[in-house]
Amino acid sequence: MDWFFIITSLLKITILLGVILFMVSYAVYAERRVSAFIQDRLGPNRVGPAGLLQPIADMFKLLLKEDFTPRSANTFYYSLAPGLAVAPAIITIAVVPFGSTLFGVPMVVADVNVGIFFVFAISSLGVYGIVIGGWASNSKYPFLGAIRSSAQMLSYELSLGLAVIPVFLLVGNLRLTSVVRYQIEHGWFIAAFVGDWMNPWKWLLAIPMIISFLVFMIAIFAETNRLPFDLPEAEQELAGGYNTEYSSMKFALYFLGEYAAMITGSAVVVTLFFGGWHFPGIPDGYHGWVFGLINIAVFFTKVAVVIFVFMWVRWTLPRFRWDQLMRLGWLFFFEIALVNIFLVAGILAYGPRL
Amino acid sequence: MPNEPAVQMFNVQIDGVWHRFPKGTRVIEACEQVGVFVPRYCYHKMLSSPGNCRMCLIEMGFPRLGPDRKPELGTDGKPIINWMPRPQICCAQDVAEGIAVRTDSPLVKECQRGVMEFLLINHPLDCPICDQAGECRLQEFSVDYGTSQSRFLENKVKKPKAVQVGPRVTLDDERCILCSRCIRFCQEIAHDDVLGFVDRGSHTVLTAHPGKSLDNNYSLNTVDICPVGALTSTDFRFKMRVWFLKETKSICTSCATGCNTVIGTREDVIYRQTPRENDDVNSCWMCDYGRLNYKYLEAEDRLLEPRIRSDGKLVPADWPTAIGQAALHLKQFAASEIAIVASGRMTNEELWLTAQLASSLGVKCIDIVPRRGRGDKILLSKDRNPNTNGVRLILGSRSAPGAKLMAIADAVRSGEIKALVILKENAMHLGLSVEELARLPALIVMNILRNAATEKASVVLPACGFAEKRGSMVNGKGRLQRLNRATRPPGNARDDWEILRDLLQGIDGGDSLHSIEDVFRRIRETVPQFAGLSLSKIGDLGVHILKIEELPATHPSDEEAIEQAIAVQAARRSVRSDLDRAYANPAESITRQAEAQTAPRR
Amino acid sequence: MAITVPRPRLTWRERWYLPTIAAGLAITFKHFKNTLLGRTKVTMEYPEQKWDAHLPDYYRGAPALVSDAGGRVRCVACQLCEFICPPRAIKIIPGEIPPGDRFAKVEKFPQEFDIDMIRCIYCGMCEEVCPEQAIFLRKDYAITGFTRADMVHHKEKLLEIGGVMHGVVLKWNEKK
């Protein structure tokens, strides 16, 4: 292990963390603006030009609020839980390649060979933050929210895992950089036929890949507790769900965790189905640091678009009922993802090498 | 009443239904007794009927007599009525055999409408200003019997406004409807003929006779009976609208008569006291002195928080500390070194607790301060303590109230008494000087107002005035009556019985008295006259518990003893005669009522 | 009693839901786009733009006391508004007009007249109940203050908002 590697890694971690936190705060702002626009309103537009300083004002507001702990709460777990909710969401981003290279340094914090497993393993821990927070609050609504959350995450974890298997059947490798590399060579999984229009097998492959993408996307919605799957924090039914008893910075951490999870989820979706940092016609970082920067910009632009989709869906669809949610997860997406695997496997077995 | 001769009963038909009434009943009363209301202004059941307002016009008739001087019967077996062609007033007409009355015929309604219109011709439309609005007969009957439109186009007659007919009564002649109730009250009840009508027709005005003033001690009753806003209380005038007042039934505590009252309050401020009808006590009246004797409850020098003496100075303390300190003081002296001076203004419950306090300390030296004043033949009693009879019953003293006071004062002076408990009285009235009081090792004072003696006390316990507490008192005629709480005590002042209860429990360690009902229950067990009663059973009008022969007035020896005691006291001090001044002019003597409150003299 | 709401029977294509979801997304995107491009304009940006010129006649703003053309405070402290006020926002301390005064025959005036604008609900009952046409709801709506005490409108403030009212019943004029 050489110093260069350690220093560049630390640098990458610091900058990436900063970028993620920045994105979280502006995702909140964006969410408010997008929702406002969808509802023909204006949204926050007072703090700074076009309200761009609103996240800073929000941060101060949250900092200055009373940090209240219910008397009957289990203080240790109550304080621990918000941290548990944030950490996994941010750690997950470590294995996601957010660029090609910059000055020869690969733009991924940890290029582990079990990349997607790492993503699933760590992001599943996020449920602990919610469950422990809901339980430690010692209050009805948070507890119900926590129970809903744990059941929901368990159910959709399954579809999530099954939905990405076709990707790895194609790539033959769990390393996320390899997934990106494969897509650069064979076309994005979401539309592999682009550029290779005449290949019928690629057209055939697009069907299971789109199904895979939809199931994965929907499962990510459920995993991040976003509408239409935000049952754990349903304001109308549960007065806010697991975070009912939280205030001030602890509440802010939950908020942060939720948006960080959404950003991470978007990053994973981009990596798996949208070619990561790749954009047709733009060479990678080996051809100059400018291209390296452009690759990073391309990646975050894609992430931003997916985040917009998250918000767009949230302000369009109503919340599912609990039984509908479970039914959808277990009787629909699980089966579809499972059949989809065989479909891809069949194409791979009988088709040409893609 | 089986022993009395049978009253002659008459058959009277009211609105088609036959009833029987005793001789002497006025027709308007007969109607009222059977639930038929006839509007009236000049009629008042305690006064004579001049019949000058014409509001109570009805149709009247007599049975048609046949040739045999017997009433002719109709097909229904009832006499046939010959109706009189013109309406009659029913307030000045006594019932007679066979008369018939119609109160709701078209003629009657037309008459009522006409009378209302006449009354309103010159009556100003200043209800937003008039104090009577809300309890004004003219307003009410105008709605019930009048028309909604005025046909009167000419200018209204101008009459004097804001006339001071007496020191406590302001007259607005424009509003007067000339019912003459006030004139009759002054003649018949107050026996002070000062009011009368002058001039004629529309220009008739009510006025005091030349050189006279409506200054008798019952002048404010004219305000009560005035059906409109002509006579107003100078004290209450423009202070508060009547519809805001919370009305609490209570009794007046300014003398032994114990007139039944209604205390009008809003947000813990007393605005007025008015008499409440009780035919066994005060009829419909009360005296001005008692009526206005409430201002001291809002005086500047109200004691607002308990204080204890620390390093020679009185410092504020919380209640447990003050009570504890008082109990500590009392426990360190022998029974023979303690004296208790209670008050004839305390309720039975407070007196009983005082008696318990005395008996648990073993104190024999206990008495009240007698308070005498000039009485009259109407309501005001010579005894200005409202509960002297309660003291007799509950403290059970054989001697006359006040007989031991001199002895107590002497013992304080000589140093025999080391601890003095003064409850609701001014220690100065024992004839002790401030220096002599200051020399006392322990002086525990429970009072309402600050005075020279409270400043020398070891412990000061702020208590409640009569309008701030519940309890019962026995009036001069032996009637047990109830006080009700109209306002909350100011500051940190506390209900007297609670203070005494806590003090008692601080000394004997008991804890069985939780409510004032508990105390009354204990009185019931120990005092035979209270047997079978409870605070709620007393009711709003009270119950007689003493027979006439038990009353002190029938004991001339008692009376003499009191007179003597007072004479000796009076000789020892030269005092200003505050109370007499207060009696002569209660409205002006409010600020120093504190002194008057506590000054026993005749 | 339980009521069974009949649910529509959907064809298998409808049960697929995706077209409807897509249609929904299209609608919301259309709104998003139109607002973003400034084609939809619903919100009024308050401090810069105001309704003031377009307030309807029946608009109920801050209650205020009015004077008549002769400069007299029309209120005679009858306290009916204090009585009717549902949130008990009004507090009046009546006073007596001294005998020498020009309006001495009116006898009564409000010594203090406070309306607690934190409590006021702008219902207009005071205006409706007033027998002297002395209290009116004006069009002021931006009632602000830094303390609770600031939010109490005293008599002076109420008269300032109210101003002089012409053309009302003159019950207390000189002739009467």
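How many Å separate the centres of domain 1 of chain B and domain 2 of chain B, taken over C-alpha atoms? The answer is 30 Å.

1. Basis. This is a predicted model, in which local features need pLDDT of at least 70 and side-chain atom pairs count only at pLDDT 80 or more, while totals for chains, interfaces and linings use all residues. Residues are numbered from 1 along each chain as its sequence is written, and chains are lettered from A and ligands numbered from 1 in the order in which they are written.

2. Domains of chain B. Chain B is assigned domain 1 (9–115), domain 2 (121–296) and domain 3 (299–573); such bounds come from an automatic or database domain assignment. Two residues are in contact if their C-beta atoms, placed from the backbone, lie within 7 Å.

3. Chain B overall. Chain B contains 17 helices and 24 strands. Helices (H or I, at least four residues) and strands (E, at least two) are DSSP runs, numbered from the N terminus. Of its 602 residues, 49% count as buried, meaning that 20 or more other C-beta atoms, placed from the backbone, lie within 10 Å of the residue's own. Among contacts in chain B between residues at least 6 apart in sequence, 67% join residues at least 24 apart.

4. One sheet in chain B. Three strands form an open sheet in the order β12-β13-β14 (chain B), and their pairing is antiparallel. Strands pair if DSSP finds at least two bridges between them. At the edges are β12 (246–251) and β14 (269–275) of chain B, each pairing on one side only.

5. Chain A with chain C. Here ten residues of chain A are in contact with twelve residues of chain C. Helix α1 (residues 3–38) of chain A gives the largest share of the chain A side, three residues. By class, that side has seven nonpolar, one polar and two charged residues.

6. Chain B with chain C. This contact takes seven residues from chain B and twelve residues from chain C. On the chain B side, five are nonpolar, none polar and two charged.

Note on methods:
Ala, Val, Leu, Ile, Met, Phe, Trp, Tyr, Cys and Pro count as nonpolar, Asp, Glu, Lys and Arg as charged, and the others, Gly among them, as polar. A residue is buried if 20 or more other C-beta atoms lie within 10 Å of its own, exposed if 12 or fewer, and partly exposed in between; C-beta atoms are placed from the backbone.
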